[in-house]
Amino acid sequence: MTSIISDRSYKHILANDIFPEEQKGCTRNSYGCKDQLLINKAIIEDCKRKKKNLSVAWRGYREAYDSIPHSSILKTMSIYKFNNKLINFMEKSMKSWNTTMYLNHARGLITTDKISIKQGIFQGDSLSPLFCLAVVSLRSDIKASGYGYKMNRNGVPISNLFYMDDLKLYASNDDQQQGELGIVKQFSDDIKMSFGLEKCAIASFKKGKLVSTGNIELDKGTTIKELDQDNVYRYLGVDESDGIQHTKMKEKIRKEYYRRVRLIVRSELNGKNKIEAINSLAIPTVQYSFGIIDWNCSELKKLDSKTRKILTMHIPKSDVDRRKTRSIETRNKERTF
């Protein structure tokens with residue numbers, strides 16, 4: 001049922017161009033995270049190469065999916081003129097959303113009473129696009145401010161990148177950044193969602209170099225901390241500080257890749273299935289970083305060479321007699337030809 005609702009909602013969103021280009025979380029036929037990471041990389045490299053000023057902020061909500069009010073979702077659906085039958089169905093069904101918890105205990109199965117779900121959407125559910133829909137108007141508020149980073153003098157300001165609930169803000173200086181964060185804070189208060197301050201950080205570049213400018217205080221009790229120059233922020237799976245940490249990320253990727261390869265080759269799968277498992281489970285950890293992390297040919301060749309050694313150690317060679325027979329048959333065919 002939720003999948004049907006999601007599909008019809010997405011068709012309406014697509015037909016009316018509701019999702020902004022900055023939001024890649026629910027955009028079909030796109031690279032999602034990778035799109036955002038490539039744009040982010042281009043902005044940071046442009047700032048450093050041209051020695052320009054840039055202020056960035058990473059912002060995360062506290063329990064984003066769990067805390068989005070149902071009223072905000074319904075109101076947004078009404079604003080963007082979804083079918084009234086769909087809105088009414090969602091409103092009535094939301095009132096009956098509930099769950100039950102079970103505990104296997106020595107004395108038997110313990111069951112709770114029905115627990116009503118009065119706000120939020122299950123993360124990963126088919127209805128996740130409705131979460132993205134509820135924060136669409138935030139993009140309009142930020143764009144209306146005129147704040148953002150320009151890669152060219154006459155270019156369009158780039159102010160934000162969204163992936164589901166992960167938001168990164170860009171501004172040409174700290175004053176603009178404070179203005180953008182103030183807009184986000186006001187919007188969040190309006191829809192009754194709160195910052196996860198532990199997920200928030202800011203960083204400032206002066207003439208292309210990371211500098212310390214202090215924390216930004218939005219109001220009493222809401223302070224966005226400056227990212228320490230020795231620390232990193234993990235944005236969409238990639239570590240950042242004064243830019244992407246290429247060396248550290250390469251080491252992390254290598255370790256995770258080799259870990260997955262070893263787990264697969266030590267499993268009880270046959271040779272063919274082991275290769276398929278490596279292609280589908282291990283290689284994507286490296287492939288995801290292509291274009292974002294600066295690999296060179298020699299590093300990838302070393303990765304390939306070590307992979308072959310691991311495979312040789314753990315995957316038994318084929319039967320010697322069979323190899324000899326195939327070799328003889330091949331030579332005979334060549335002579336006949």
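Tutor: Two strands pair when DSSP finds at least two bridges between them. Strands (E, at least two residues) and helices (H or I, at least four) are DSSP runs, numbered from the N terminus. This is a predicted model: local features need pLDDT of at least 70, side-chain atom pairs count only at pLDDT 80 or more, and totals for chains, interfaces and linings use all residues. Residues are numbered from 1 along each chain as its sequence is written, and side-chain values use heavy atoms, without hydrogens and water.

Student: What makes β3 and β4 a pair?

Tutor: The rule asks for at least two bridges. Strand β3 (residues 102-105) and strand β4 (residues 108-111) are joined by 4, and run antiparallel. Leu103 faces Ile110 of β4. A hairpin of 2 residues connects β3 to β4.

Student: Why is α9 called roughly antiparallel to α10?

Tutor: Angles run from 0 to 180 degrees between N-to-C directions, with axes fitted to C-alpha atoms, for helices over the stretch in contact. Under 35 degrees is roughly parallel, over 145 roughly antiparallel, 65 to 115 roughly perpendicular, and the rest oblique. Helix α9 (residues 246-265) and helix α10 (residues 271-287) pack at about 165 degrees, axes 9 Å apart. That makes the two roughly antiparallel.

Student: Which residues make the contact?

Tutor: Contact means heavy atoms within 4.5 Å. Ile253, Tyr257 and Val261 are among those of α9, and Ile278, Leu281 and Val286 among those of α10.

Student: How do the residues of this contact divide?

Tutor: Ala, Val, Leu, Ile, Met, Phe, Trp, Tyr, Cys and Pro count as nonpolar; Asp, Glu, Lys and Arg as charged; the others, Gly among them, as polar. The contact of α9 with α10 has 11 nonpolar, 1 polar and 3 charged residues.

Student: Why is the pair of Trp58 and Tyr233 called stacked?

Tutor: Rings of Phe, Tyr and Trp (its six-membered ring) pair if their centres lie within 6.5 Å; planes under 30 degrees apart are stacked, over 60 edge-to-face, the rest tilted. The count is 2 aromatic pairs. Trp58 and Tyr233 lie 4.8 Å centre to centre, with 15 degrees between the planes, and form a stacked pair. Trp58 is in strand β1 (residues 54-59) and Tyr233 in strand β12 (residues 233-235), so the pair ties together parts 175 residues apart in sequence.

Student: What is the order of the open sheet of 5 strands?

Tutor: The order is β6-β7-β1-β8-β9, with antiparallel pairing.

Student: Why is one side of β6 and of β9 left without a neighbour in the sheet?

Tutor: β6 (160-163) and β9 (209-211) each have a single partner strand, so one side of each stays without a neighbour.
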